[in-house]
Amino acid sequence: MVNTHYIINKNNHYFAVTGNDFDAGNLSDCVTFQTKDEMYAAVCERTGLCLDEVIWFEIILIQDADNNLWTEIDHSGCTSLDVGFDTTQLYSYVSNLRL
């Protein structure tokens, strides 16, 4: 079964991470949530933004079932990276992303 994890990192970036090869315990300085709504509420509380400013702006990361690499997907379904990255790189990316 493929699981989706909802995560906020130390820099208040928030993610929906979907794949089999993922253990949230390997993240650093991140908070995980059971549902997207819980994550959105926490983002609003941490940033002072309204729900309308937060909803659907999470960073989506999906694991490819064929090669187990992770890809960032935008809301139109397009990939934002030319090459996927492995699970170790994913933990670092999610934990440390700062835009």
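Visitor: How far apart are the mean positions of the positive and negative charges of the protein chain?
Guide: This is a predicted model, in which local features need pLDDT of at least 70, side-chain atom pairs count only at pLDDT 80 or more, and totals for chains, interfaces and linings use all residues. Residues are numbered from 1 along each chain as its sequence is written, and side-chain values use heavy atoms, with hydrogens and water left out. Lys and Arg count as positive, Asp and Glu as negative, with His and the chain ends not counted; each charge is placed at NZ of Lys, CZ of Arg, CG of Asp or CD of Glu. For the 4 positive and 15 negative charges, the mean positions are separated by 10 Å.

Visitor: What pattern does the protein chain follow along the sequence?
Guide: Helices (H or I, at least four residues) and strands (E, at least two) are DSSP runs, numbered from the N terminus. The protein chain has three helices and five strands. Read in order, they give β-β-β-α-α-β-β-α.

Visitor: What is the radius of gyration of the protein chain?
Guide: The value is taken over C-alpha atoms, and the globule rule is 2.2 Å times the number of residues to the power 0.38. For 99 residues that rule gives 13 Å, and the model comes close, so the protein chain is as compact as a globular protein of that length. Its radius of gyration is 13 Å.

Visitor: What share of the 99 residues is buried?
Guide: Buried means under 20% relative accessible area, exposed over 50%, and partly exposed in between (1.4 Å probe, protein chains only). In the protein chain, the buried share is 36%.

Visitor: How far apart are the end C-alpha atoms of helix α1?
Guide: The expected span is 1.5 Å times one less than the number of residues. Helix α1 has 12 residues, 36–47, so it should span 16 Å. The model agrees: the ends are 16 Å apart.

Visitor: Which elements do the buried residues of α1 pack against?
Guide: The buried residues in α1 are M39, Y40, A42, V43 and C44. Contact means heavy atoms within 4.5 Å. The packing partners are β1 (3–8), β2 (14–19), β3 (31–33) and α2 (51–54).

Visitor: Which residue just after α1 takes a positive phi?
Guide: Most residues other than glycine have a negative phi. Here the residue is a glycine, with phi of about 80°. It is G48.

Visitor: Where is W56, which has a positive phi although it is not a glycine?
Guide: The phi of W56 is about 70°. N12 also has a positive phi, near 65°, and lies in the loop between β1 and β2. W56 is in the loop between α2 and β4.

Visitor: Which residues is I62 in contact with, leaving aside its neighbours within four places in sequence?
Guide: I62 is in strand β4 (residues 59–63). At 35% relative accessible area, I62 is partly exposed. The C-alpha atoms of I62 and T18 are 4.9 Å apart, across 44 residues of chain. The contacts of I62 are T18, L69, W70, T71 and I73.

Visitor: How far apart in space are T79 and G25, C-alpha to C-alpha?
Guide: T79 sits in the loop between β5 (70–73) and α3 (87–96). T79 is partly exposed, with a relative accessible area of 48%. Beyond neighbours within four places in sequence, its contacts are T71, E72 and I73. From T79 to G25, 54 residues apart in sequence, the distance is 26 Å.
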